[in-house]
Amino acid sequence: MNQDSTRKARVNVRRAEVMELVEKEIQQHYQSELISHIRAAGNVYNLGHTEFFLAREFGFCNGVRRAIDIAYAARKVFPDRQIYLIGDIIHNPEVNRQLEGKGIKKLPWKHLDASYDQIVADDVVIVPAFGVPTSFMDALEEKGVQIVDTTCGDVMKVWKRVKNYASMGITSIIHGKATHEETSATASRALGEKGRGKYLVVYDLEDAAAVCDYILGKGSREAFMKRFEGCCSPGFDPDRDLEEVGIANQTTMLKTETQTLQKMIRDAIVQRDGDDDNFYVFDTICGATQDRQDALYDLLKNPLDVMFVVGGYNSSNTTHLVDIARKHVPTYFIESAESIKSIQYVDAFDTETREVRRMTTEPVVQNLGKSLKVGITAGASCPANLIEATILRIADLRK
Ligand code: SF4
């Protein structure tokens, strides 16, 4: 069937009369008067003998807020239609729970599996803020469903970049996590219009060092292919495909690491070729991620006793905030106030082992009855009401 004959025109669901109703719901579900008050008062808040220092920038970014607005609006515009969502709308369990409560059914995002067979042309499918691979968009358009796309504009800027690389025959080196929704969507765009583009996903500086070694003729092809299994385009040939490379990154990576990685690969190319003609780079870390990281560095200049970072455990930008903070001060990565079990124990996420562990709150216990300086920040997908609940929980336990 001709895809153009089945493709439905996109509908603007963010109409003024719809958004008026959506705004009320969003306020109810996620807003916090206390957090607005703290922001207005310079991000410092005293409650008893506990002093809270909040980062200058934290919580919902514009891309997340827009995605939630669109999903809520879609429910209002299509009240009687079955609505599906591919994966999570954003990486926060509370927001995803609210959407499920609206009858929006979740579909798997890793593969187009048999659960997609149930979707019919009358259904509505929401694309999350991270975007989805091109194969998903093609399949949905072929079915003729109503697509409601919440992909963030900053993610689309990365796609534009890697598509350009593909059209110029340049291999995209994507600094990101191959199993992250956004990077998976970006990698599919790096294949280009004709599907012949090349990409390699590099997660960290160790991966980057392996790429540099290969560029410089060190390291075996077999070891290289094993290391990057599942992280490169089909038929990737490191002898051919590392000749001319362009860097892009998942929007939520650690800025300093991305800069180091870019320099490492550029230096390797220069060492190999004598110049950087075969090296291209565009920093695609989004402004919101960078602002939250910069604000955290500023917050850490305060003499904090302890730090709490609130957000979804699968949130990339939140994980990086935790990694920054814990180098400076004891830090607990929690999903919500319920993670704080008592004055002594927190069920916090360990970003190295990637599991929730019961941890003792040494700095809090040591300062019982004395003043305590608590730093607070939250990822770009964390609602303000969860941050408020965290502050009140800590203050309550320290009464
Ligand atoms: S963190 Fe950045 S890329 Fe992700 S939704 Fe927010 S603005 Fe968009």
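1. Which residue stands opposite Leu372 in β15? It is Thr50, and the pair belongs to the parallel pairing of strand β2 (residues 50-54) with strand β15 (residues 372-378), which runs over 5 bridges; two strands are taken to pair if DSSP finds at least two bridges between them. Helices (H or I, at least four residues) and strands (E, at least two) are DSSP runs, numbered from the N terminus.

2. A note on the basis of these remarks: this is a predicted model, in which local features need pLDDT of at least 70 and side-chain atom pairs count only at pLDDT 80 or more, while totals for chains, interfaces and linings use all residues. Residues are numbered from 1 along each chain as its sequence is written, and side-chain values use heavy atoms, with hydrogens and water left out.

3. The chain is divided by the domain assignment into domain 1 (27-60 + 288-397), domain 2 (63-152) and domain 3 (154-281), the bounds coming from an automatic or database domain assignment. The centres of domain 1 and domain 2, taken over C-alpha atoms, are separated by 30 Å. To the contact between these two, domain 1 gives 14 residues and domain 2 gives 12 residues, where contact means heavy atoms within 4.5 Å.

4. The pairing of β2 with β15 sits in an open sheet of 5 strands, ordered β1-β2-β15-β11-β12, with mixed pairing. Its edge strands are β1 (44-47) and β12 (331-334), each of which pairs on one side only, and the twist from one strand to the next averages 25 degrees. Helix α16 lies across β1, β2, β11 (306-310), β12 and β15, and runs at about 165 degrees to β15; axes here are lines fitted to C-alpha atoms, for helices over the stretch in contact, and angles run from 0 to 180 degrees between N-to-C directions.

5. The axis of α16 (residues 384-397) also comes within 8 Å of that of helix α3 (residues 33-40), with a crossing of roughly 85 degrees. The two helices are therefore roughly perpendicular to each other (angles under 35 degrees count as roughly parallel, over 145 as roughly antiparallel, 65 to 115 as roughly perpendicular and the rest as oblique). From α3 the contact draws on Glu33, Leu34, Ile35 and Ile38, and from α16 on Ala384, Ile387, Glu388, Ile391 and Leu392. These residues divide into 7 nonpolar, no polar and 2 charged, where Ala, Val, Leu, Ile, Met, Phe, Trp, Tyr, Cys and Pro count as nonpolar, Asp, Glu, Lys and Arg as charged, and the others, Gly among them, as polar.

6. A further open sheet has 4 strands in the order β8-β7-β9-β10, with parallel pairing. Because β8 (199-202) and β10 (279-281) stand at the edges with a single partner strand each, one side of each is left without a neighbour in the sheet. The twist averages 20 degrees from one strand to the next. Within this sheet, β7 (residues 171-175) and β9 (residues 245-249) pair in the parallel sense over 5 bridges, and Ile174 is placed opposite Ala248 in β9.

7. Two helices that pack on this sheet may be noted. Helix α8 (residues 181-190) touches β7, β8 and β9, and its direction makes about 175 degrees with that of β7, whereas helix α12 (residues 255-273) touches β7, β8, β9 and β10, its direction making about 175 degrees with that of β9.

8. Helix α12 is also a partner of helix α9 (residues 205-215), the axes coming within 9 Å and crossing at roughly 5 degrees; α9 and α12 are therefore roughly parallel to each other. Residues meeting there include Leu205, Val211 and Ile215 in α9 and Leu261, Met264 and Arg272 in α12. The contact as a whole divides into 11 nonpolar, 1 polar and 2 charged residues.

9. Around the ligand stand Cys61, Gly63, Val64, Cys152, Asp154, Thr251, Thr252, Cys286, Ala288 and Thr289, a residue being counted if one of its heavy atoms lies within 4 Å. This shell divides into 5 nonpolar, 4 polar and 1 charged, and α4 (62-77) and α13 (287-299) each supply at least two of its residues. Domain 2 and domain 3 both give residues to the shell around the ligand, so the ligand lies between them.
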